[in-house]
Amino acid sequence: MTNFAAYMINSRQVLFTLRSRVGLWFVVAGLIFSACQKEKRPEGVLSPEELSKLMVELYLAEARIGGQNMARDTAMKYFIPFEEKLKGRYGVSDSIIRITYQYYISHPEELEKIYDSVIDTLSLREQKERTRPYVN
């Protein structure tokens, strides 16, 4: 093999190595960039604030009905119409609630913040009720 042929083969290898390294850096930079971007909520998914308010109302309704000491099927007869009215007030359908829960289940950090907000809100309401004077 001549020196020229060896040089050509060696330069192709160097060029290929440089191209692959540059390409690798672009791939790594792209992965880092995409990992750093926040994923946006899909359209139709309730915001954390909206979901938190809805969950507080649902938990309060469940507590009111649960405190009535009635059979489960009777309690459901009272709860389902209230739930429908509540969904109408918030302008959400079953499909929106389903999509919202699916989204937040796959984003547990956000769901944890929502539940923290719900717990805080319910705790504050309970505290206000306990300190409110009893009126007969």
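How much space lies in the largest pocket? About 210 Å³. Here a pocket is an open set of points on a 1 Å grid over the protein atoms alone, where a 1.4 Å probe fits and protein lies on both sides within 12 Å along at least five of seven lines; lining residues have an atom within 4 Å of a point. The volume is the space filled by probe spheres set on those points, which are joined across faces, edges and corners.

A quick note before you click on: this is a predicted model, so local features need pLDDT of at least 70 and side-chain atom pairs count only at pLDDT 80 or more, while totals for chains, interfaces and linings use all residues. Residues are numbered from 1 along each chain as its sequence is written, and side-chain values use heavy atoms, with hydrogens and water left out.

**Stop 1: the pocket lining.** Select E62, I65, G66, N69, M70, A71, R72, A75, M76 and F79, and you have the lining of the largest pocket. The elements giving two or more residues to this lining are α2 and α3 (72–90). Of these, α3 gives the most, with four residues.

**Stop 2: the whole chain.** Now switch to a cartoon view. You'll find five helices and zero strands, in the order α-α-α-α-α along the sequence. Helices (H or I, at least four residues) and strands (E, at least two) are DSSP runs, numbered from the N terminus. Of the chain's 136 residues, 19% count as buried, where buried means under 20% relative accessible area, exposed over 50% and partly exposed in between (1.4 Å probe, protein chains only).

**Stop 3: helix α5.** Select residues 108–131, the 24 residues of α5. From first C-alpha to last, α5 reaches 34 Å, close to the 34 Å expected at 1.5 Å a residue; that expected span is 1.5 Å times one less than the number of residues. Next, highlight L111, I114 and V118, which are buried in α5.

**Stop 4: two tyrosines.** Which residues form the aromatic pair? The structure holds one such pair, and Y103 and Y104 form it, edge-to-face, at 5.0 Å centre to centre with 80° between the planes. Rings of Phe, Tyr and Trp (its six-membered ring) pair if their centres lie within 6.5 Å; planes under 30 degrees apart count as stacked, over 60 as edge-to-face and the rest as tilted. Y103 counts as buried because its relative accessibility is 5%, and Y104 does so at 0%.
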